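Dear colleague,

I am handing over the structure that we spoke about, and I would be glad if you could look through it with the notes below beside you.

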Amino acid sequence: MCGISGSITWKNTDGAALERSDISKLAYRGPDALCVVRSAELPRPPQAVHWKLEHARLSILDLAATANQPMCSADQRYWLVFNGEIYNHRPLRVELERLGHTFRTDHSDTEVLLNACIAWGLGCLERLNGMFAFVFVDNVTGIVLGARDRMGIKPFYYTEENGVFAFASEPKALAAPRTADRASLLGYFDFLQIDGARTFYSAIRKLPAAHCFEIRPGEAIQPRRYWHPLGGGDKRRDLADPSSCFALLQESVALQLEADVEVGTYLSGGLDSSVIAALASRDRRINTFSIGFDDSVPGYVSELPYARMVSDHLNTRHHTLAISPAEYLAAQERAFSVLDEPIADSACGPLLLLSELARANGVTVCLSGEGSDELFIGYRHWHDAYRVSAWLQRIPTSVIRAYLAMGAPVLGRRKPDWITWAKRAAQGRTTLWGGIDAMSRETPGDIFSREFLSEAHDPYATVQAHMELAEMRGADFLQRLSAFDLQFRLPENLLARVDRMSMAASVEARVPYLDHRLVEQAMRIPVERLVSAKGEKVALKEFARTYLPHAVIDRRKDGFTIPMNEVLNTREAIRQKDLILGMDDALRMYSKEFREQLAAGAVTGRRLWPHYALAKWWSLHVR
């Protein structure tokens, strides 16, 4: 929907202290209106709090100027800046009108959120169905409220310095030192991201998914969790009939189709996006958008034919883009310039191109399939880890350790990675660390210097902190994996890439699988309806048979794969070595041996990718 930023202080100020944010840096997030309001410029400037609120609007719902932000109450006591969409704004508006609240806009969800904050404070969060990041200011009391949506679909960054609280949708809008948080970088090489509260910058923090805050005059921000995928109650998988889940999915798609602009869907040709396209196509003809590599990549298996099959089946207006490895690298270079946090997902460049394709065809909103794998267990390595973990639990730890000491005969050559998982079990750790083990590092000394390892934060501490939450107690293995990724990898990696790349093209991406009601219901589906001898996502596949060709449903899950060996080949590795080694000269991470491998161009393909992505970030946004 937009970009937000602002600066707030409770000290007497001449105004210069509030110049800690700059919405113009995020103009691409909202090209339809760029607005800045300062409390000092109001007819009656507040005494309890001083602020500057900024908004870049991408007009989607209620296109009138009266729906622009920052938005205030009629008496100018309450002010709001908000990024996102409130999908249940219509029933909430009716409820608020019954309570006596009046509305000046025709159907703005921003005004609904403003009045909801006035009526219920942070209690409004339990009533909201949507994606959001917002800040709400009470000029009389000086109290400031803020929140990020349950799934972390929309971003929220902030700083606190010299009594000034500043916030923004992306770090580039904050006036803060661009010093790399070196101690947190080890976690990046395990997860291709950093803990949800930290960022890659020492001076900038993130509000994690499902967290909110209330700042009173004289206090510092203290974020607190207001929701968890597993709630606080019974963890029984008692939903024998998952049809209620899919009724919620259909309702979620219907809610998220509401807009006063053209809506389409991203369509990879895989199950998740195809289901969304099918549900969105039931009573309208939609635009669908697909991207893949052309035939210049030897042996590459494209999903574009499956996307075309789905489009033909649903009668969508289909748009495709086939790119070469060189075009991929060029798009990725542009993506790196947007990513002032190094989201090391190799699909960022293609997603940027796809969003630009949508915008060029008059589409401002695209529905996306993120979240399905985490809800319905679509990852094969989760299924493998579930089986391996069950096997390891039956064996005494002493026996596992003795077997590993023998060199792990037989299993050492097995896939999945039994040895890595067995080592973690022997250490008393969670078998799988979430949706991705980026490098599965068991010998970090091969890559990193001893000094760097001694100073770095232990990445497993992040995993452990999530696993020890009260809401995790009594949960089974797959519930814990889902809940961890829904609050860790999904918001700070997969959803972050979707937000940055779609907004860079002035397109809003929506994610119907992540309606919080559906998330809560999916946690109750019996394991055998999720994974079985038939594979993964059993329940979703059964539901999809009503809407999609069997060839799409029953094919092997490939995902959008990048031919990384072609993209980061030896020639490209040698071309990028000075950039990567220059970064390491500043950050001092790598071992002497690994630096020599980099210098020789011996680290290529997927092995090189995380180092290449981090070096691009460092070069563009730190150096």
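A term to begin with: a polar contact is a pair of N or O atoms within 3.5 Å, where within protein one atom must be able to donate a hydrogen and the other to accept it, and where residues adjacent in sequence count only if both atoms are side-chain atoms. This is a predicted model, in which local features need pLDDT of at least 70 and side-chain atom pairs count only at pLDDT 80 or more, while totals for chains, interfaces and linings use all residues. Residues are numbered from 1 along each chain as its sequence is written, and side-chain values use heavy atoms, with hydrogens and water left out.

The side chain of Asn493 reaches the backbone oxygen of Leu192 at 3.5 Å. Asn493 belongs to helix H16 (helices, H or I with at least four residues, are DSSP runs numbered from the N terminus), and its relative accessible area of 2% makes Asn493 buried, a word that stands for under 20% relative accessible area with a 1.4 Å probe and protein chains only. Leaving aside neighbours within four places in sequence, Asn493 is in contact (heavy atoms within 4.5 Å) with Phe191, Leu192, Gln193, Ile343 and Asp345.

Helix H16 itself runs over residues 489–504, and 15 of its 16 residues are buried. The helix bends by about 40° at Ala496, the bend being the angle between axes fitted to the seven residues ending there and the seven starting there. Just after H16, Ser506 takes a positive phi of about 60°.

As for the aromatic residues, the structure holds 28 aromatic pairs, counted where the ring centres of Phe, Tyr and Trp (its six-membered ring) lie within 6.5 Å, with planes under 30 degrees apart taken as stacked, over 60 as edge-to-face and the rest as tilted. One of them, between Tyr188 and Phe189, is edge-to-face, at 4.9 Å centre to centre and with 80° between the planes, whereas Phe484 and Phe488 are stacked, at 4.9 Å and with 20° between the planes. Both Tyr188 and Phe189 are buried, and Phe484 and Phe488 are buried as well. Ring pairs also link a cluster whose members include Tyr188, Phe189, Phe448, Tyr590 and Trp617.

With best wishes

Notes:
Helices (H or I, at least four residues) and strands (E, at least two) are DSSP runs, numbered from the N terminus. The expected span of a helix is 1.5 Å times one less than its number of residues. Buried means under 20% relative accessible area, exposed over 50%, partly exposed in between (1.4 Å probe, protein chains only).
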